[in-house]
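Have the structure open and follow along.

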Amino acid sequence: MIVEVLSDRTAETDRGEKWLNYQTLSSLQMYVLLEQTTPRAEVFRRVEGGWFYEKIESGMLRLSCIDLEVTLEDIYSRLD
């Protein structure tokens with residue numbers, strides 16, 4: 001699993017060039033993008049034949065590859 005925290009400066013690269021390169025890693029099961037200033041996660045999960053995309057803006061973030069469930073509210077609890 002790879003988790004990236006996006007910034008205005010890196011978001012385009014993280015969603016583009018990096019993501020294309022990461023997809024070639026056969027061991028990668030999940031790619032998670034976290035917004036820096038607002039509670040939002042974009043999750044790419046490897047499935048048979050490709051990748052499943054999910055955008056989460058509230059509630060539970062399920063990271064099955066490491067057997068972890070955490071709420072976005074907990075992740076962003078210190079965000080003003």
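## Overall picture

Of the 80 residues in the protein, 29% count as buried. Keep in mind that this is a predicted model.

How does the radius of gyration of the protein sit against that of a compact globule? A compact globule with 80 residues would come in near 12 Å, and the protein has 13 Å, so the two agree. Along the principal axes, the C-alpha atoms fill a box of roughly 40 × 30 × 15 Å. The accessible surface is about 5500 Å², and carbon and sulfur atoms own 47% of that. As for contacts with a separation of 6 or more, residues 24 or more positions apart account for 35% of them.

In soluble globular proteins, nonpolar side chains tend to be buried together. Here the largest nonpolar core has 10 residues: Met 30, Val 32, Leu 34, Ala 41, Val 43, Ile 56, Leu 61, Leu 63, Leu 72 and Tyr 76. Strands β2 (30-34), β3 (41-47) and β5 each put in at least two residues of this core, with β2 giving the largest share, 3 residues.

Leaving aside residues up to four places away in sequence, Met 30 touches Met 1, Ile 2, Val 43, Phe 44, Arg 45, Trp 51, Arg 62, Leu 63, Ser 64 and Cys 65.

## Salt bridges

Side chains of opposite charge can pair when their charged atoms come close. The protein has 8 salt bridges. One of them joins Lys 18 to Asp 14, with the closest N and O atoms 3.2 Å apart. Both residues sit in helix α1 (residues 11-22), 4 residues apart, or about one turn of the helix. Which of the two partners is buried? Asp 14 is, because its relative accessibility is 2%, whereas Lys 18 is partly exposed at 29%.

Another pair reaches across the fold: Arg 15 forms a salt bridge with Glu 42, and their closest N and O atoms are 2.5 Å apart. Since Arg 15 lies in helix α1 and Glu 42 in strand β3, the pair ties together parts that are 27 residues apart in sequence. Glu 42 is buried, with a relative accessible area of 9%, while Arg 15 is partly exposed at 37%. These two also belong to a network of salt bridges that links Arg 15, Glu 35, Arg 40, Glu 42 and Glu 57.

Then there is Glu 54, which pairs with Arg 45 at 3.0 Å between the closest N and O atoms. Arg 45 counts as buried at 17% relative accessibility, and Glu 54 as partly exposed at 28%.

## On the surface

Some nonpolar residues stay outside. Met 1, Val 3, Ile 66 and Leu 68 form a nonpolar surface patch, with about 320 Å² of accessible area together. Ile 66 lies in the loop between β5 (60-63) and β6 (68-71) and is partly exposed, with a relative accessible area of 44%.

Asp 67 lies in the loop between β5 and β6 too. Its phi is near 55 degrees, a positive value in a residue other than glycine. Asp 67 counts as exposed, at 74% relative accessibility.

Conventions. Residues are numbered from 1 along each chain as its sequence is written. This is a predicted model: local features need pLDDT of at least 70, side-chain atom pairs count only at pLDDT 80 or more; totals for chains, interfaces and linings use all residues. Side-chain values use heavy atoms; hydrogens and water are left out. Patches are made of residues with over 30% relative accessible area and no salt bridge: like charges are joined within 9 Å, nonpolar side chains (Val, Leu, Ile, Met, Phe, Trp, Tyr) within 5 Å. Accessible areas come from the Shrake-Rupley method with a 1.4 Å probe; for residues, only the protein chains shown count as cover. A salt bridge is a side-chain nitrogen of Lys or Arg within 4 Å of a carboxyl oxygen of Asp or Glu. Buried means under 20% relative accessible area, exposed over 50%, partly exposed in between (1.4 Å probe, protein chains only). A nonpolar core is a set of buried Ala, Val, Leu, Ile, Met, Phe, Trp, Tyr and Cys residues joined through side-chain atoms within 4.5 Å. Contact means heavy atoms within 4.5 Å. The radius of gyration is taken over C-alpha atoms; the globule rule is 2.2 Å times the number of residues to the power 0.38.
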